[in-house]
Amino acid sequence: MELKVSTRSHGGHTIVTIVGEIDLYTAPRLQSEFDRLLDESAAAFMVVDMSGVEFCDSTGMNVLLSALKRLREQGGVLEMAGPRPAVRKILQVTGLDSVFTVHEAVPEELLAAEPQA
């Protein structure tokens with residue numbers, strides 16, 4: 001399955017929307033997108049919308065952890081929103097639900113913000 005990644009930024013907040021499966025084959029694409037965002041963006045607050053992710057293996061979790069670590073090193077915050085039950089279970093089993101702040105959905109105030117052109 002193909003992995004689709006899109007981003008929206010507004011006032012230091014970035015929403016990264018992921019659709020598809022994050023696995024050994026698609027994780028490099030996600031890693032590249034995070035690298036680009038973290039190199040180019042001054043985003044202090046990033047929310048990863050996982051509501052469209054059907055599957056995420058350990059490779060995908062490592063990419064997310066790497067992005068979290070890198071953003072924290074830059075003084076920022078990375079949170080996760082809307083993981084489906086299968087992804088939520090992986091977070092719980094691995095203990096990553098205590099590492100990531102996990103929201104039921106992307107916070108409304110971020111969705112209401114107008115994206116930057």
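How close do the axes of H1 and H2 come, and at what angle do they cross? They come within 9 Å and cross at roughly 10°. That makes H1 roughly parallel to H2 (angles under 35 degrees count as such). Axes here are lines fitted to C-alpha atoms, for helices over the stretch in contact, and angles run from 0 to 180 degrees between N-to-C directions.

Some ground rules. This is a predicted model: local features need pLDDT of at least 70, side-chain atom pairs count only at pLDDT 80 or more, and totals for chains, interfaces and linings use all residues. Residues are numbered from 1 along each chain as its sequence is written, and side-chain values use heavy atoms, with hydrogens and water left out. Helices (H or I, at least four residues) and strands (E, at least two) are DSSP runs, numbered from the N terminus.

Contact means heavy atoms within 4.5 Å. On the H1 side, the contact includes Leu30, Phe34 and Leu38. On the H2 side, Val63, Leu64 and Ala67 are among the residues. Eight residues of this contact are nonpolar, four are polar and three are charged.

Two strands pair if DSSP finds at least two bridges between them.

Look at S3. It runs parallel to S2, joined by nine bridges. Val19 has Gly52 of S3 as its bridge partner, and Thr14 stands opposite Met46 in S3. With S4, S3 pairs in the parallel sense over five bridges. There, Asp49 has Ala81 of S4 as its partner.

Is S3 enclosed or open? Nine of its 12 residues are buried, so S3 is largely enclosed by the rest of the structure. Buried means under 20% relative accessible area, exposed over 50%, partly exposed in between (1.4 Å probe, protein chains only).

Now the core. A nonpolar core is a set of buried Ala, Val, Leu, Ile, Met, Phe, Trp, Tyr and Cys residues joined through side-chain atoms within 4.5 Å. The largest one has 27 residues, and Ile18, Ile22, Phe34, Met50, Leu64 and Leu78 have the most contacts inside it. H2 gives the most to this core, with six residues. Leaving aside neighbours within four places in sequence, the contacts of Phe34 include Val16, Met46, Val48 and Leu78. Another core, of six residues, lies apart; Ile15, Val47, Ala81 and Leu110 are among them.

Last, two loop residues. Val99 is in the loop between H3 and S5 (101–103). At 32% relative accessibility, Val99 counts as partly exposed. Not counting residues up to four places away in sequence, Val99 touches Leu65, Leu68 and Arg72. Gly75 is in the loop between H2 and S4. At 63% relative accessibility, Gly75 counts as exposed.

Note on methods
Angles under 35 degrees count as roughly parallel, over 145 as roughly antiparallel, 65 to 115 as roughly perpendicular and the rest as oblique. Ala, Val, Leu, Ile, Met, Phe, Trp, Tyr, Cys and Pro count as nonpolar, Asp, Glu, Lys and Arg as charged, and the others, Gly among them, as polar.
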